[in-house]
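Colleague: I'd like a close look at one thing here: the packing. Take me through it slowly, please, and start wherever you like.

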Amino acid sequence: MTPKLLLDALIPLMADLSREMHDSERYRRLLDTLRMLFPCDAAALLRLDGEVLVPLAINGLSSDTLGRRFRVSEHPRFRILLSNVPPTRFPANSSLPDPYDGLVEAHSGELHVHDCMGCQITMNGRPWGLLTLDALGAGRFDSVDTASLQAFASLAAATVNVAERIHDLAETSEQERQRAEAYRLAANQSRRELIGQSPAHKKMMKEIRLAGPSNMTVLITGETGVGKELVANAIHAASPRARKPIISLNCAALPETLVESELFGHVRGAFSGAVSDRRGKFELADGGTLFLDEVGELSLAVQAKLLRVLQSGQIQRVGSDEEHKVDVRVIAATNRNLEEEVRQGRYRSDFYHRLSVYPLLAPPLRERGHDILLISGFFLEENRFRLGLLSLRLATDAQEVLLGYRWPGNVRELEHVIARTALKALAKQPERPRILTLAAEDFDLVNEVKPLISEQEEQIQSELDLQNGSSLRDAVSAYERRLISASLARNGGNVASTARELGIDRANLNRMAKRLGLK
Ligand SMILES: Nc1ncnc2c1ncn2[C@@H]1O[C@H](COP(=O)(O)OP(=O)(O)OP(=O)(O)O)[C@@H](O)[C@H]1O
């Protein structure tokens, strides 16, 4: 090969060193050039991973070769190649078995490789992997100059080095992005105050102030949307770790196989797709808090691993034997009844007890009385701003609707209801107003309204009222109570519509309700 041809072949490869491209494309171009320069039927680039050689790219070999893992101890040719820095040639009469026998695609009935060469790729003075060349015809490599192959191996090492550095950079920037996101979220969420004044709210805040400064593991329970994540943030903010991040993991959002790697991280090659080392949430939360949301969804196997970490404070990345010490406080949340899950054998009792060192209940919205209006105020203000209004408020009858509703989706549902209702009410206006007042009929909550007296309570009540000996007045009161409760429920707690349906005015209805002990 003339120097010009040689340069023509090598220049694009050198130019690749300063270009960003996918590894597979980079390695494919490397092997294409190798085959242009050296007369062979197949070539491969392999990375040494512990005791195993992993093919990263192949050319002229059957595609299943990429899935093979060659144990160095079982392949004497590979062992020899790895122990010598200069290239080694195995001539046709070599008695050592060839790992690629039967894998070269160009064979015309000839399965046996007759000429084989290889060269170590050295990185930082240590073997990183191999380049191999195979030919079916004996003596094909007679003319190959080993110094040229060694020079090519140096170019291959530079190529691999660039690919790995790009990987590391991408990984570092991804981790920095995650960290920045965690700080941003923490800052945003901690700005979100837990609004409320009800006794249930005050009791919860007291617990937060008590548990926060301790280093205890807290298990927050409560229905969906009650604000468990906000509670976790408040606990973190009240702790000495407040200046460090709180890192969240939603245990329900990931398949079991990924949960472990998300929690503990992994090393390169731990599983297919693990192309580089990665820190897990435990390492990201080091010094701070790890919030495990929906912890009730973890499998028994992951529970066992987490329990070990919580007890020892040591984590092991998936695929590694090394242990890392981490200093992490865990706060977990669930809307499941974990005690029941333990009884049913679906949850580990030891893990449950390790999590619930400090159990904290976030009460449902329907038990927080007028907090519903305070929290509505927060969301009304948010929506006022978003919709560009001067004022967004609730009419009195709308407040009654919100207070009478059972809120199965709790605060999150309230947030969505207000956003939806405000948007729809605005769309109904003939002209864009500056002030918008949401009325009872703007809310579409009628069907889900909680009966003011449950059916069972009502029956017991009416039986008591109608017992023998009760006065006519008591019986009439009982009847009025039932009639008004049913009408209020039908009208979504809307006093105006209820009064209309019953044919009395609102003030009268309010007086009657008060006299009958109805809220
Ligand atoms: N007391 C509160 N004051 C103001 N906003 C609140 C309050 N409680 C909850 N929120 C808001 O309600 C929404 C739902 O809260 P969050 O996501 O914390 O609930 P959760 O219990 O973790 O829900 P899930 O069980 O679905 O994970 C969030 O937007 C949160 O900011």
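Modeller: Helix 1 and helix 2 are roughly antiparallel to each other, and bear in mind that this is a predicted model. Helix 1 covers residues 3-16 and helix 2 covers residues 23-37. Their axes come within 10 Å and cross at roughly 165 degrees; anything over 145 counts as roughly antiparallel, so that's the label this pair gets. The crossing of helix 1 and helix 2 is left-handed. From helix 1, the residues that meet the partner are Ala-9, Leu-10, Leu-13 and Asp-16, and helix 2 answers with Arg-26, Arg-29, Leu-30, Thr-33, Met-36 and Leu-37. Sorted by class, this contact of helix 1 with helix 2 has 6 nonpolar residues, 1 polar and 3 charged.

Now go along to helix 17 (residues 495-502) and helix 18 (residues 506-515), whose axes come within 9 Å and cross at roughly 95 degrees. These two are therefore roughly perpendicular to each other. Helix 17 brings Val-495, Ala-496, Thr-498, Ala-499 and Leu-502 to the contact, while helix 18 brings Arg-506, Leu-509 and Asn-510.

Helix 12 and helix 14 make another pair to look at. Their axes come within 9 Å and cross at roughly 45 degrees, which makes helix 12 oblique to helix 14. Here the crossing is right-handed. On the helix 12 side you'll find Ile-372, Ile-375, Ser-376, Phe-379, Leu-380, Asn-383 and Leu-387, and they meet Val-411, Leu-414, Glu-415, Ile-418, Ala-419, Ala-422 and Leu-426 of helix 14. By class, the contact of helix 12 with helix 14 comes out as 11 nonpolar, 2 polar and 1 charged.

That pair also takes us to the ligand. Helix 12 (371-387) and helix 14 (410-428) each supply at least two residues of the shell around the ligand, and so does helix 6 (228-237). There are 20 residues around the ligand, and the nearest are Ile-195, Gly-227, Lys-228, Glu-229 and Val-411. The shell around the ligand has 8 nonpolar, 6 polar and 6 charged residues. In domain terms, domain 2 (192-363) and domain 3 (367-448) each give the shell at least three residues.

Notes: Residues numbered from 1 in each chain as written. Predicted model: local features only at pLDDT ≥ 70, side-chain atom pairs only at ≥ 80, totals over all residues. Near = placed C-beta within 6 Å. Helix = DSSP H or I, 4+ residues; strand = E, 2+ residues; numbered from the N terminus. Nonpolar A, V, L, I, M, F, W, Y, C, P; charged D, E, K, R; others polar. Domains from an automatic or database assignment. Axes fitted to C-alpha atoms, helices over the stretch in contact; angles between N-to-C directions. Parallel < 35°, antiparallel > 145°, perpendicular 65-115°, else oblique. Left-handed = near helix turned anticlockwise from the far one by under 90°. Contact = placed C-beta atoms within 7 Å.
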